[in-house]
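Visitor: I have a model on the screen and would like to learn how to read it. Can we go through some features in turn?

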Amino acid sequence: MRESKTPRVVAAAFLGLLFGAYRHFQQIRELTAGRQAFLAQQNVQFDRITETHSMTVTLIAGLILAFIGAALYEAIAYAFTRLIPPVEVEE
């Protein structure tokens, strides 16, 4: 029996929608704060980057985030696999 790809597609779409909603609300919050508040926050972010920039720390953080993202994707795909019944195809 072949595994259905539908739950994996639904999981990827679900994660995309969650990320899109997060970015939308983040941008709305920045827009309502105004241009000066946004630029002040960007200055603080730039100062933080220049103080703590290290390639090793950045690569380790990237690895950790990649593993968390992959684990989250697999957990959501597994949940959708349990929720969506497989399609039976007659031969």
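Visitor: How many positive and negative side chains does the chain have, and how far apart do the centres of the two sets lie?
Guide: This is a predicted model, so the answers are read from predicted coordinates. The count of charges comes out even: 8 positive side chains and 8 negative ones. The centres of these two sets lie 7 Å apart.

Visitor: Which residues form a salt bridge?
Guide: For a salt bridge, a side-chain nitrogen of Lys or Arg has to lie within 4 Å of a carboxyl oxygen of Asp or Glu. Searching the whole structure gives one such bridge. E74 forms it with R8, and their closest N and O atoms are 3.2 Å apart. This pair links distant parts of the chain, since E74 sits in helix α3 (residues 55-83) and R8 in helix α1 (residues 6-33), 66 residues apart.

Visitor: How is a pair of aromatic rings described?
Guide: Two values are used, the distance of the centres and the angle of the planes. In this structure the search finds one aromatic pair. Its members are F14 and F80, at 5.9 Å centre to centre with 80° between the planes, an edge-to-face arrangement.

Visitor: Which accessibility class does F14 fall into, and which does F80?
Guide: F14 has a relative accessibility of 35%, so it counts as partly exposed. F80 has 18% and is therefore buried.

Visitor: Where are A79 and V57 placed?
Guide: A79 is in helix α3, and V57 is in helix α3 too. With a relative accessible area of 37%, A79 is partly exposed. V57 has 52%, so it is exposed.

Visitor: How many helices and strands does the chain have?
Guide: There are three helices and zero strands. Read from the N terminus, the order is α-α-α.

Visitor: What radius of gyration does the chain have, and what would a compact globule have?
Guide: A compact globule of 91 residues would have a value near 12 Å, whereas this chain has 20 Å. The C-alpha trace spans about 65 × 35 × 15 Å along its principal axes.

Visitor: What share of the residues counts as buried, and what does the accessible surface come to?
Guide: Of the 91 residues, 7% count as buried. The accessible surface comes to about 8200 Å², and carbon and sulfur atoms make up 67% of that surface.

Conventions
Residues numbered from 1 in each chain as written. Predicted model: local features only at pLDDT ≥ 70, side-chain atom pairs only at ≥ 80, totals over all residues. Heavy atoms only, no water. Helix = DSSP H or I, 4+ residues; strand = E, 2+ residues; numbered from the N terminus. Rg over C-alpha atoms; globule rule 2.2 N^0.38 Å. Buried < 20%, exposed > 50% of the residue type's maximum accessible area, 1.4 Å probe, protein only. Areas by Shrake-Rupley, 256 points an atom, 1.4 Å probe, with all protein chains shown as cover. Lys, Arg positive; Asp, Glu negative; His and termini not counted. Charge placed at Lys NZ, Arg CZ, Asp CG, Glu CD. Phe/Tyr/Trp six-rings, centres within 6.5 Å; stacked < 30°, edge-to-face > 60°.
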